[in-house]
Amino acid sequence: MGFVEGLRCRECRRAYPIEALHVCDYCFGPLEVVYDYEALAAVVDRDRIAAGPRTIWRYADLLPTPGAPELDLQVGCTPLVRAERLAAELGLGELYVKDDTRNPTGSFKDRVVAVALSKARELGLKVAACASTGNLANSVAAHAARAGMTSYVLIPSDLEHVKVATTAVFGGRLLAVEGTYDDVNRLCAELASEHPDWAFVNVNVRPYYSEGSKTLAFEVAEQLGWQLPDHVVVPIASGSQLTKIHKGFEELQKVGLVEEAPVRISGAQAQGCSPVAQAFAAGTDAVRPVKPDTIAKSLAIGNPADGYYALEVARTTGGVIEAVTDDEILEGIHLLARTEGIFAETAGGVTIATLAKLARAGIVRHDERVVAYVTGNGLKTVEALGDSVGPSAVIAPTLESFAAAEDAEAKVLTEYLPEPVDAATLDAEIKNAIREIGASSRRDMGKVMGILKAKLAGRADMSEVSRRVRDQLTD
Ligand SMILES: [Zn+2]
């Protein structure tokens, strides 16, 4: 059993055994896995982790399963990308993108499903099940296939063909339910009480499942040379991922793997489904359910189970929870793709757009080491891009046609684009912007860049602008 002591109710602290349980019988609070941190601190060190596999299982001591399962999809150890070009555009300093588009089925869900199904097999459960609108469906079907488990994946019948195909291909039972996602969820809950011997990954094995998200914190710290970031931006659907990233950073400090240091944790939502951001703005603890209407479907949970705890984490760590519009989400996807070569799904667009908004507001600062969590691959949500993508031109297969298209493009550029600004005007604009907000150090670079971006859009190379702002501000 490793270092796991048992399950405990997050509200009334009652203890429960390590079984397929997720809710407290007394107060209906969520159950959470408890570890013996003293014993962990005595055994776990950086060398022991470094000697482990290049997957999430290198952190097995800090997970509720004994070790790497025999049949695995090689989840985790995704790149932590230093995002210098994106940082320059946003007026930020040391910025990283945690690129979880690189997991086996293209999203962070592989982390939680790997832990849930490994635990399920240990508990003797042979059927994997879930209700999902996409990422979770992909991951459960793929992991079940690899482990030789039966899977039941329930989806709304009007789901996009690509999500049906990328789940069905793994060969499990895929049931399209005539109804909304809420109907699917309710049916799933009813099935869970009919079949207590099935592992419903986000129902009866949820305490183990959600622990998988801690590896997003562990990997970032290890990839930073066992140091903590100053500020992270995390998307919020149920809120579980954000709270578990927080728990992960706390545990690293508890067992002595990193020096103690504060990590600000900020949350990102789509305005069309932003119950947690609304509660944050209103200064209340009450997360009021909403009816989702956003292109960020993987974040569209109107009644987030861990919303309250996500609020608590943002408030106690000095973070914020902010929301962005669908247009801003698309801009976020394009911005990340064109500056760093990473194609994120709409949830990643939410994270990047929120990061940009917080940089402009001076909340994410130039003097902070920042990590943005990009949790899913853009190939999953191509339809959301709509008309915002397409060929630059359609040409005949001849050199003349190619040249004509380039001439036409050059003509468009000279005719329709505003005059580029010269260096002297640029420096004057930068001085004005610095004066306007009374910026005194590089901490305020995000705010200054926000003003300049609005003024100089399309007329100057923003990386060049960023360099000049840096030169005018001292640390
Ligand atoms: Zn309780």
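This is a predicted model: local features need pLDDT of at least 70, side-chain atom pairs count only at pLDDT 80 or more; totals for chains, interfaces and linings use all residues.
Domain 1 is assigned to residues 80-106 + 211-387, and domain 2 to residues 423-472. Contacts between the two involve 14 residues of domain 1 and 13 residues of domain 2. On the side of domain 1 that touches domain 2, helix H3 (84-90) and helix H14 (346-360) each supply at least two residues. H3 gives the largest share of that side, with four residues. By residue class, the side of domain 1 that touches domain 2 holds five nonpolar, four polar and five charged residues.

The largest nonpolar core contains 137 residues. Within this core, the residues with the most contacts are Ala116, Leu117, Val140, Ala199, Val201 and Leu299. Helix H14 provides the largest share of the core, eight residues. Both domain 1 (80-106 + 211-387) and domain 2 (423-472) give residues to the core, so it lies between them. Nonpolar side chains tend to be buried together in soluble globular proteins. Neighbours within four places in sequence aside, Leu299 is in contact with Pro235, Ile236, Ala237, Gln269, Ala270, Cys273, Ala347 and Val350.

Helix H5 was examined next. H5 runs over residues 135-147 and has 13 residues. From its first C-alpha to its last, H5 reaches 18 Å, close to the 18 Å expected at 1.5 Å a residue. Of its 13 residues, 11 are buried, so H5 is largely enclosed by the rest of the structure. The buried residues of H5 include Asn135, Asn138, Ser139 and His143. Val140 of H5 is also buried, and Val140 is among the core residues with the most contacts. The cover over the buried residues of H5 includes helix H4 (109-122) and helix H6 (161-168). Strand E6 (127-131) and strand E7 (150-156) are also part of this cover. Gly148 follows H5 and has a positive phi, near 70°.

At the level of the whole protein chain, the secondary structure comes to 18 helices and 13 strands. The radius of gyration is 24 Å, close to the 23 Å given by the globule rule for 475 residues, so the chain is as compact as a globular protein of that length. Its C-alpha trace spans about 70 × 55 × 45 Å along the principal axes. Buried residues account for 49% of the 475 residues. Of the contacts between residues at least 6 apart in sequence, 69% join residues at least 24 apart.

Conventions:
Residues are numbered from 1 along each chain as its sequence is written. Domain bounds come from an automatic or database domain assignment. Two residues are in contact if their C-beta atoms, placed from the backbone, lie within 7 Å. Ala, Val, Leu, Ile, Met, Phe, Trp, Tyr, Cys and Pro count as nonpolar, Asp, Glu, Lys and Arg as charged, and the others, Gly among them, as polar. A nonpolar core is a set of buried Ala, Val, Leu, Ile, Met, Phe, Trp, Tyr and Cys residues joined through C-beta atoms within 7 Å. A residue is buried if 20 or more other C-beta atoms lie within 10 Å of its own, exposed if 12 or fewer, and partly exposed in between; C-beta atoms are placed from the backbone. The expected span of a helix is 1.5 Å times one less than its number of residues. The radius of gyration is taken over C-alpha atoms; the globule rule is 2.2 Å times the number of residues to the power 0.38.
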